[in-house]
Amino acid sequence: EGQRPLIFSEKEFTSRGVGWIRTGHDIVYLRNSYTRRVRRGAHNDCPTYFTLHYAMEFKHLLDRVYLTYSYPYTYTDLQNYLRALPETHPHLS
């Protein structure tokens, strides 16, 4: 599941209430030919970039979809989480 991209379909959400779901098949994560500069003295075992390649099918014609590598987490989500901490974990306050 970890490297499978996520998709959000506006039509799936409107018709069935389905939010972000993992999708894709034939997933390959390969080192590519692009390299990063490594700062002098920095320890970096892997100064190259990687490419994620996968296949997927779209269920609906003329649908608007969003793809991402990880579940979206907004600043508002963070604020709500931090606001609830004293109630959910009283030993932390």
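This is a short tour of one predicted model, stop by stop. Residues are numbered from 1 along each chain as its sequence is written, and side-chain values use heavy atoms, with hydrogens and water left out. Since you are looking at a prediction, local features need pLDDT of at least 70 and side-chain atom pairs count only at pLDDT 80 or more, while totals for chains, interfaces and linings use all residues.

**Stop one: the salt bridge**

Select R16 and E12 and show their side chains: they meet in a salt bridge at 2.8 Å, N to O (a side-chain nitrogen of Lys or Arg within 4 Å of a carboxyl oxygen of Asp or Glu). The structure holds one salt bridge. Both residues sit in helix α1 (residues 10–16), and because they are four residues apart there, about one helical turn separates them. Helices are DSSP runs of H or I with at least four residues, strands are E runs of at least two, and both are numbered from the N terminus. R16 is exposed at 55% relative accessible area, whereas E12 is buried at 9% (buried is under 20%, exposed over 50%, partly exposed in between, with a 1.4 Å probe and protein chains only).

**Stop two: the largest pocket**

Now pick I7, S9, I21, E57 and K59, which are the closest to the centre of the largest pocket among its 15 lining residues. The space there is about 210 Å³. A pocket is an open set of points on a 1 Å grid over the protein atoms alone, where a 1.4 Å probe fits, with protein on both sides within 12 Å along at least five of seven lines; lining residues have an atom within 4 Å of a point. Colour strand β1 (residues 6–9) next: with three residues, it gives the most to the lining. By type, the lining has seven nonpolar, four polar and four charged residues.

Jump to D26 in strand β3 (residues 25–35). Its phi is near 50 degrees, positive in a residue other than glycine, and D26 is exposed at 57%. Then try L62, in the loop between β4 (48–55) and β5 (65–68). Phi of L62 is near 55 degrees, again positive without being glycine, and L62 is exposed at 80%.

**Last stop: a nonpolar patch**

Finally, show the surface of Y73, Y75, L78, Y81 and L82, a nonpolar patch with about 570 Å² of accessible area together. Patch residues have over 30% relative accessible area and no salt bridge, with nonpolar side chains joined within 5 Å and like charges within 9 Å. Zoom in on Y81 in helix α2 (residues 75–88): Y81 is partly exposed, at 45%.

Conventions. Grid points are joined across faces, edges and corners, and a volume is the space filled by probe spheres set on the points. Ala, Val, Leu, Ile, Met, Phe, Trp, Tyr, Cys and Pro count as nonpolar, Asp, Glu, Lys and Arg as charged, and the others, Gly among them, as polar. Accessible areas come from the Shrake-Rupley method with a 1.4 Å probe; for residues, only the protein chains shown count as cover.
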